Amino acid sequence: MARERLYLFDTTLRDGAQTQGVDFSVEDKATIARALDALGIDYIEGGWPGANPGDTAFFADPPKLKRATLTAFGMTKRPGRSVANDPGLQEILGAKTPAVCIVGKSSEFQVNVALGISLEENRELISESIAEIVRQGREAMYDAEHFFDGYKANPDYTLSCLKAAADAGARWVVLCDTNGGTLPDEVERIVGEVVKHIPGAKLGIHCHNDTENAVANTLMAVKAGVRQVQGTLNGLGERCGNANIISLIPSLVLKEPFRSLVDTGITEENLKHLTPVSRLLDEILNRAPNRHQPYVGAAAFTHKGGLHVSAVEKDPRTYEHIAPEIVGNQRHLPVSNQAGRSNIIAQLRDFGLEIDPKDPKVDRLLEEVKEREFDGFSYDTALASFELMARRRLGQLPKYFDVESFRVQVERRYNAKGQLLTVSDAVVKLLIDGERIMSVGEGNGPVNALDGALRKDLGRYSQYIDGLRLADFKVRILTSGTEAVTRVLIESIDEENNRWFTVGVSPNIVDASFAALLDSITYKLLRSGAPAGGKPARS
């Protein structure tokens, strides 16, 4: 049986922008739109023209898309106004996009409480707004807000709202779980009832994630007949977010019954771009990617237990539901106190270090990992620090420089304006190519000051760390009391957007931070191919 076409509709630029802490610039929106277009998304909702200066500017000069249909979003005309005299609707139509999606009330409760108008008048708002979009030769879509809650309370009225949109010429009628409280079995049952009145080829689904079921609800709606799905990159959205289109795409393309039921238009090659697109969004938002996100997270194909690794080495299907390369991800076999020889050997191989599995160094390295993790280190996350340790033990880490000493001072004082300030300065003494170099740095804290001092002068190595910056800094207290052992985890990023983690452990938080900083810089020198140091120290 031929597969039916399923259309993908991304709302990141509108719904995603409602996420707390998210604020897209016009250029951000254009970059994301182009990435979605290249991925193979069918519709891209660009925002709400007239709602804010950014959205208005975006539609005034939209990016050129090769495949996707750019869609403007807005609401039905207001009560008491004609289509021509509603400024909000006219601004939406003025965006001149090929498609327009308008939202309207589809719940008796919402009409009574939020709008305060008659049920019949609400249907007229829907019908007349859709009809105007169609009259202009545009593709019309109707987002049936609060559909599922409205249907459960009064199915007849809610269905009448859908029919008003469909009869007026809407290409798509989208069923919205606006409050995000509907569960998968309810979605499948209700959609199954709706398709008896409106063909599934004209129905869409829009789910919020307030019960952690947005993806599951969307899949059940597809199974029941809808042929448009809406979602956002990485599940961005108001409150708990929206259905994660990054999770939906591979589930629809790779998993049964969807693989045999529908065709999304996403090619095998496009699917490989899923992980890069997900991480592009995080880079734009300047936040660390969710390591545990399905399909694309760094931990999605990470195997920590020794027995698991041994099995995965024989056949990855023992503990992986798909091959990570299909979605542009990769397998990780970290080392930790749960690790066995298989972890060590596999991880060394990932580093490009070939070693005889019977080499006693493997056992010694495994034992050292377990001892150091007992002391508070954590290498399953800080793989950069583990690689440095492994290379040192195997004699394969170049010697770049030595740290002779460092000192940090924190001063709390009033400035000339009488403002209370806390300033840190640090002094680091290094030995590079036989030359002793002393660098001084100042910062808003001891770690910032140390970082500045280390970077200030690394002699001939300075050129290799120009693009290095710290992306995140985490501190965890491992034991109680003011004398507690502290673990510091630092995430670094370079000019090519490569990320890595390093770790330091000490009863002294500054000492632990310095160790993690030092590993970060050393790792950057290693990755950049910096040559080993030359001259011996002068006496």
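A residue is called buried under 20% relative accessible area, exposed over 50% and partly exposed in between, using a 1.4 Å probe and protein chains only. At 3% relative accessibility, Phe73 falls in the buried class. This is a predicted model, in which local features need pLDDT of at least 70 and side-chain atom pairs count only at pLDDT 80 or more, while totals for chains, interfaces and linings use all residues. Residues are numbered from 1 along each chain as its sequence is written, and side-chain values use heavy atoms, with hydrogens and water left out.

**Aromatic pairs**

- Rings of Phe, Tyr and Trp (its six-membered ring) pair if their centres lie within 6.5 Å; planes under 30 degrees apart count as stacked, over 60 as edge-to-face and the rest as tilted.
- The count by this rule is 14 aromatic pairs.
- Phe9 and Tyr43 form a stacked pair, because their ring centres are 5.7 Å apart and their planes stand at 25°.
- This pair links distant parts of the chain, 34 residues apart: Phe9 belongs to strand β2 (residues 7-10) and Tyr43 to strand β3 (residues 43-47).
- Helices (H or I, at least four residues) and strands (E, at least two) are DSSP runs, numbered from the N terminus.
- Phe9 is buried, with a relative accessible area of 0%, and Tyr43 is also buried, at 6%.
- Trp48 and Phe73 form an edge-to-face pair, because their ring centres lie 5.4 Å apart with the planes at 75°.
- This second pair also links distant parts of the chain, with Trp48 in the loop between β3 and α2 (53-60) and Phe73 in strand β4 (residues 69-75), 25 residues apart.
- Trp48 is partly exposed, with a relative accessible area of 26%.
- Tyr7, Phe9, Tyr43 and Trp172 are linked into a cluster by ring pairs.

**Charges over rings**

- A charge sits over a ring if NZ of Lys or CZ of Arg is within 6 Å of the ring centre and within 35 degrees of the ring normal.
- Arg14 lies over the face of Phe73, 3.6 Å from the ring centre.
- Arg372 has its charged end over the ring of Phe377, at 4.2 Å from the centre.

**A three-stranded sheet**

- Two strands pair if DSSP finds at least two bridges between them.
- Three strands in the order β14-β15-β16 make an open sheet with antiparallel pairing.
- β14 (469-477) and β16 (499-506) are the edge strands, each pairing on one side only.
- Eight bridges join β14 to strand β15 (residues 486-493) in the antiparallel sense.
- Arg476 stands opposite Arg487 in β15.
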